[in-house]
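Here are my notes on the two-chain model, written as numbered points for someone meeting such a structure for the first time. Please keep the structure open while reading them.

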Amino acid sequence: MVIAIGTGVYSALSGTATWRRVSNDASFAATGMYDLRVRGTEGLYADRGAMLTVLESLPDPSLIEHAEERLIFDTQVDASTSAKSIRVPGRVIGLDVSEGGPQLTSVAVADDQGRALVAADDGQPVALVERNFADFYGLQADGTVRLGGGATLDLVGIGMGPEYFFITTEDGGFFAQANFAALFTSLTTAQEIADRPGAVNDLVLRVRDEVDIEALRADVQAAFDGSSLGLGVTVMTASDEDAYRVLYEDIKNDRKFWNVFAGLILAGAAFAAFNLSSRMVDSQRREVGIGLALGASRVQLAWRPLLVGIEIGIAGVLLGIAVGSLAVALLRPVYLEMLPLPIWRTGFQWQPFLRGAGLGFVIPVVATAWPVWRSTRMTPVDAVATVHRSTNTGFAHILRVLRWPRSAFRRMPVGNVLRAPRRTLLTALGIGAAVATLVAVLGMLDSFRSTMARNDTIVLKDHPDRVVVGLDSITTDDGTLVASVAAATSVGTTSPVLQLAGHLTVSGAKGFDVVIEALDLAGGVWTPISGVAPTEPGIVISAPAADELGVDVGDEVELTHPVRDGIGFTTTTSSLRVIGIHPSPFRFPVYFDRSLLSSFGATGLANELYVVPAAGSSTDDVAAELFDLPGVNSVVAAATSSKIVRDSVNEFTGILRVLEGFLLVLALLIAYNATSINADERRRERATLFAFGLPVHRVMVLEIVECALYGLLGTLIGLGVGRAIHHWVMTRLLQSTMPDMRLDIVIDTGTYVSAIVVGIVAVAVAPLLTLGRLLRMDVPGTLRVVE
Amino acid sequence: MESILSPDPAHPGHRPGAATAVKLVGVSRFYEVGEGRVYALRDIDLEVDEGEFVVVLGPSGSGKTTLLNMIGALDVASEGRIIVAERDVTGASRRELSRLRRDTVAFVFQTFNLFPTLTAVENVQCAVEISGRRRGARRVAEDALASVGLSGRGLHYPSELSGGEQQRVAIARALATGNPILVADEPTGDLDFRTGVQVLEVLQQLARAGHTVIVVTHNREISRVADRVIELSSGRIVSDGPPLEGRADVADLRW
């Protein structure tokens with residue numbers, strides 16, 4: 001059973017990578033994920049058909065198998081129900097449904113979640129709401145949503161588009177469905193809502209199989225850049241799409257995690273198998289000795305115990321299929337809920353199972369071979385000698401120098417733990433592997449939660465109800481839009497912010513992308529750090545950024561940033577001094593005072609406002625009042641980013657709960673294994689205790705204490721190894737997979753309690769499983785046994 | 001009407017004024033094998049006085065260990081009644097039998113059955129603690145070891161002691177419980193002659209000190225040190241009385 005859990009859980013965890021890859025492939029194929037996408041600059045449009053015409057200027061237009069134009073624009077979405085107020089930033093995706101389309105980036109609708117868009121919907125005020133968002137708020141397929149500007153759309157279903165299988169935020173946040181509503185509608189309907197009849201701004205392409213996608217991308221980019229459309233397009237491949245990239249890249253990251261943890265579980269099983277096999281061969285020592293005395297060859301004598309090892313291996317592997325299937329059945333709904341896809345293929349994965357099964361088979365055979373080799377090397381005289389195995393004292397002599405516990409009776413469990421050091425170590429290592437896995441896995445969650453809590457204290461300081469109002473264009477901070485926001489009755493104070501993209505580095509370093517925010521460092525609604533002289537020329541960077549670049553306050557860094565050039569922006573690199581380091585756990589935020597905007601040629605410009613609700617008003621009030629204000633495209637509580645990460649962590653806990661259950665059973669079985677061997681070996685001592693009138697329950701207490709000591713030892717090993725793995729995951733593995741975030745290396749008390757529950761409490765109760773054997777013991781017979 | 005607990009003044013070895021330590025009335029012990037019964041003991045009537053040194057003698061399979069197990073409340077009779085230290089153990093529950101063993105009977109085994117991870121003194125101390133006397137248990141254990149001549153060996157582990165020393169530790173362990181009845185199953189079986197003699201001397205001293213000592217053996221020579229010898233054959237008592245070969249001092253034994 002221990003081998004079965006090792007191989008079963010190993011194969012199930014390792015197999016999830018295959019599930020995800022196969023399911024991703026099928027889902028993206030079924031919904032017609034594009035090969036190339038031509039995306040216009042926000043706010044610029046072309047006439048319908050014009051983008052398709054540009055493709056005719058390609059060197060070889062026949063490389064394009066199919067192309068469709070779309071109209072996509074961001075807006076605010078009010079999906080409030082009678083029970084809940086739901087106003088979030090959103091997006092309208094206008095698709096060509098006129099001829100049974102779209103063929104590319106189509107929307108999958110489950111049978112029980114309404115209907116797909118049809119040709120008759122073209123121009124009608126109907127839409128599909130994206131499923132991640134609908135699931136988060138429990139929306140029905142037949143509601144109504146209101147858009148910023150006043151338009152309403154009747155929902156006809158809940159659907160999944162390939163670019164929205166996984167919802168991310170602009171700044172890289174995952175699981176952002178709580179704060180993003182995608183609405184799929186007909187192209188004509190989208191044009192009517194945007195009040196841009198006949199306009200498109202997006203083109204998706206499917207190319208022929210043998211095409212060099214990067215070369216074609218360059219050709220398409222060149223064709224649009226050379227056209228007179230003036231859309232300022234970006235040509236993307238599927239891999240540039242966040243949902244696509246994250247869903248595939250996350251598989252690799254997942255695989256790294258699960259391989260570590262699955263390997264640990266298998267190691268725990270291996271230690272237990274070694275224990276069992278050693279004992280089994282040891283019990284046949286006399287038979288081997290008699291065989292040797294009778295002149296049998298070592299090979300002949302080795303076969304029988306080796307065959308038993310092989311049988312254990314085969315039985316473990318076969319049972320592993322059942323355990324693996326159970327793990328699959330438990331993990332499947334968790335994945336389906338966490339990552340909804342139109343198609344999920346979650347069959348039992350034979351390839352990882354065979355890999356795990358190979359190990360699961362080899363471990364008991366090797367575990368048997370070693371003691372067999374030892375026993376066949378004994379002289380027959382030694383092998384057949386009548387000695388009581390139970391008289392071995394191992395390291396128990398250490399107790400001679402210990403004064404505690406003073407009671408001889410209470411010293412017995414301690415002595416028993418010390419008397420078979422190899423078995424004690426293997427048992428402790430097995431339990432330790434389970435505990436280490438638990439500590440590392442739960443510790444990861446603790447680190448995420450701690451980091452987000454820390455981020456909350458930074459983001460929410462001074463004004464926990466702060467709201468970030470996104471504007472749909474760059475405007476002046478003394479213009480009518482900013483004035484209109486400030487004049488809203490629910491709005492208290494406002495601070496203008498200009499948010500731009502940039503790249504931060506130092507000489508000789510690779511650097512990284514950042515989000516630059518120009519805000520009022522002295523008297524704004526919110527500042528990232530106190531004590532910075534706002535007029536001092538320079539920037540405030542985050543602690544992770546400073547660490548990575550190896551800079552401190554006063555050092556120079558190079559910031560590549562946009563500079564106003566006429567009505568647009570060009571990019572330049574400036575050498576700037578670090579005037580402050582803020583404690584954000586994220587690497588990307590860079591701040592400077594608005595007084596320095598002049599050096600960016602952007603004096604007085606803003607595209608965002610920090611707002612504190614007026615006294616008596618809430619975040620919801622601000623969102624409701626600004627919903628219909630033209631020029632406002634999002635109203636988001638400042639706490640949202642932390643909430644998004646917290647939600648994603650919570651999604652992840654389902655998998656960990658399944659893992660925790662298996663670890664609990666594994667630890668229990670390892671302890672039972674040890675208890676069972678001990679009970680067998682020490683039955684004469686138990687019988688002696690009974691003969692002296694010790695009742696069964698007190699003998700059981702002795703066993704429980706002994707097991708608790710194994711558990712304590714295993715837990716200590718597990719805590720040490722688990723902390724080391726946790727540290728490695730946080731500092732190495734996650735640094736490479738999540739470079740923008742510096743997670744706290746924290747393990748909560750709750751995790752330690754869980755480790756103690758699994759490592760000590762669960763292990764300590766294992767002897768109860770041998771109670772029946774104890775009650776049925778033939779005491780007089782056992783007392784006379786000569787081993 | 002006479003109580004079953006009343007002593008039978010006519011039983012062999014009875015000493016006027018001595019109370020009954022053990023009484024068996026019509027005791028049989030059988031095992032169901034297939035459709036038949038195999039008797040280990042049959043219709044045993046037996047009475048042992050307090051302070052008696054009794055040897056139960058017989059060849060292998062005669063039922064002597066079964067008899068000892070029932071006197072020691074390790075086993076129960078299939079038929080008949082058993083009274084140990086004035087307690088009727090017939091039909092006693094597992095808990096009652098445990099309590100009886102803890103309070104009344106002490107065992108010495110052929111294979112010593114010492115706890116290997118405890119020192120000699122701790123082995124003895126452990127039995128004292130099990131009997132419920134935690135306070136001063138160490139001192140009682142040390143005294144018990146001294147009484148069997150092992151005061152200098154208390155801190156040695158069983159693996160560091162000779163067979164005779166281990167058996168004396170086992171006797172000290174039984175003695176330290178303070179229980180009035182000591183039952184010993186082949187206590188010299190695993191020992192050479194010289195150490196066997198040492199063990200018998202200790203048992204004899206215990207009997208003289210007032211303990212009821214019941215020793216099972218197949219060695220007729222050993223039975224000569226007893227006050228009374230009960231000989232078993234095929235599960236029945238075939239003789240009960242003083243040693244046939246006459247009583248002997250331990251020093252005069254040869255086997």
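1. The area buried between chain A and chain B is about 3,000 Å², and carbon and sulfur atoms give 59% of that area. Buried area here means the accessible area, taken with a 1.4 Å probe, that two parts lose on being put together, summed over both. On the side of chain A, the residues that lose the most area to chain B are Arg400(A), Phe692(A) and Arg784(A), which together make up 23% of what that side buries.

2. Before going further, note that this is a predicted model, in which local features need pLDDT of at least 70 and side-chain atom pairs count only at pLDDT 80 or more, whereas totals for chains, interfaces and linings use all residues. Residues are numbered from 1 along each chain as its sequence is written, chains are lettered from A and ligands numbered from 1 in the order in which they are written, and side-chain values use heavy atoms, with hydrogens and water left out.

3. Counted by contact (heavy atoms within 4.5 Å), 37 residues of chain A meet 31 residues of chain B.

4. How many salt bridges are there between chain A and chain B? The count is one, where a salt bridge is a side-chain nitrogen of Lys or Arg within 4 Å of a carboxyl oxygen of Asp or Glu. The partners are Glu122(B) and Arg411(A), whose closest N and O atoms are 2.8 Å apart.

5. As for the elements involved, helices (H or I, at least four residues) and strands (E, at least two) are DSSP runs, numbered from the N terminus. Those giving two or more residues to the side of chain A that touches chain B are α11 (408–419), α17 (683–691), α18 (696–737) and α21 (779–783) of chain A. The largest share of that side, eight residues, comes from α11(A).

6. Turning to chain A as a whole, it has 21 helices and 21 strands, and its C-alpha atoms fill a box of roughly 100 × 60 × 55 Å, taken along the principal axes.

7. In chain B, an open sheet of four strands has the order β2-β1-β4-β5, with antiparallel pairing, two strands being paired if DSSP finds at least two bridges between them. The edge strands, each pairing on one side only, are β2 (36–49) and β5 (87–88) of chain B. Strand β1 (residues 20–33) of chain B is joined to strand β4 (residues 79–84) of chain B by five bridges, and the bridge partner of Ser28(B) in β4(B) is Glu79(B).
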